[in-house]
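Subject: Structure for your files

Hello,

Here is the structure I promised to pass on. My notes on it follow below.

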Amino acid sequence: MPELPEVEVVRRGLEMQIVGKTIAEVAVRGPAVVVNNPEWFSARLRGQHVVAARRRAKYLLLDISSGDTLVVHLRMTGQLTYHDRSAQERVIVQPATYLERALQVQPIDKHTHVLFTFEDGNGLYYRDSRKFGRLQLCTPAELATHKGLLKLGVEPLTEAFTLPLFRRFLKGNRSIKAVLLDQTLVAGIGNIYCDEALFLAGIRPQRGATGLSKGEQERLFKAIPEVLQQGIAYGGTTLKDFLQADGQQGSNQEELWVYGRSGEPCRRCGTPLTKTVVAQRGTHFCGQCQR
Ligand SMILES: [Zn+2]
């Protein structure tokens with residue numbers, strides 16, 4: 001599932017590719033992923049251009065020249081990819097093997113639910129095999145009262161995320177993992193980066209949030225931006241579905257300390273990693289490095 005780093009990677013790709021481009025046509029093939037009435041959605045976007053690509057936690061916010069904002073949440077398997085027609089034409093003019101061509105010219109398949117075509121002929125496709133993702137075109141008033149956005153907590157890669165603030169989150173009768181996953185406290189952390197941050201901080205995920213020492217609190221506070229920045233630097237974590245805006249996979253999955261590595265040796269101490277369930281989520285940790 002895309003978390004803060006994956007959405008940020010998509011945002012950066014779209015910022016380079018689609019900001020300033022005018023939308024010529026919008027085809028909604030799978031209305032289940034569009035919150036608005038599909039005809040209204042298409043008509044309202046047609047002829048407008050993209051002003052900015054922003055992110056809030058795991059939400060992608062595309063500001064449109066009309067004043068509206070297209071709010072995209074990729075959820076489990078959403079992919080938002082840019083397709084350069086001229087690059088595809090070059091491939092078609094100079095075909096290598098059939099397989100190479102098939103891999104380069106990304107096909108529109110039954111999971112491609114929304115197609116945006118720009119005036120220059122290039123496209124932006126929304127593809128989602130499980131259809132949990134959502135696209136919603138919001139007026140300024142709707143954006144200001146968007147329930148999902150309103151409840152979000154602090155952005156961990158901003159100066160607003162401070163150690164005193166983080167310490168205030170460490171309360172209540174629940175695990176530290178549950179606190180980190182709570183989007184109303186620190187926004188944008190999901191299962192992968194939660195397990196990774198707890199490994200770096202040397203803290204077991206099932207520990208009670210109130211039981212951390214001052215030193216552990218500070219280590220975890222520093223580990224959160226560290227794992228998120230690393231995820232962005234490596235282009236996101238692609239375990240299965242995540243794609244960058246240019247259709248490439250991320251490579252942070254090769255850098256993970258614990259997530260998805262249960263039974264494999266800890267990269268730091270060699271102990272086989274453990275998988276358990278904490279906060280109703282599959283949870284990975286090292287029984288030696290994490291206390
Ligand atoms: Zn270890």
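Leu 62 lies in strand S3, residues 59–64 (helices, H or I of at least four residues, and strands, E of at least two, are DSSP runs numbered from the N terminus). Please note that this is a predicted model, in which local features need pLDDT of at least 70, side-chain atom pairs count only at pLDDT 80 or more, and totals for chains, interfaces and linings use all residues. Residues are numbered from 1 along each chain as its sequence is written.

Leu 62 counts as buried because it has 25 C-beta neighbours inside 10 Å; the cut-offs are 20 or more other C-beta atoms within 10 Å for buried, 12 or fewer for exposed, and partly exposed in between, with C-beta atoms placed from the backbone. Leaving aside residues up to four places away in sequence, Leu 62 touches Val 50, Ala 53, Thr 69, Leu 70 and Val 72 (contact: C-beta atoms, placed from the backbone, within 7 Å). Leu 14 is 48 residues from Leu 62 in sequence, yet their C-alpha atoms are 9.2 Å apart.

Strand S2 (residues 50–56) runs antiparallel to S3, and six bridges join them (strands pair if DSSP finds at least two bridges between them). Arg 55 stands opposite Leu 60 in S3. The S2–S3 hairpin has two residues between the strands, and Ala 57 there takes a positive phi near 55°.

The chain is divided into domain 1 (4–150) and domain 2 (163–285), with bounds from an automatic or database domain assignment. Their contact takes 18 residues from domain 1 and 19 residues from domain 2. On the domain 1 side, H1 gives the most, with nine residues.

Regards

Key: Contact = placed C-beta atoms within 7 Å.
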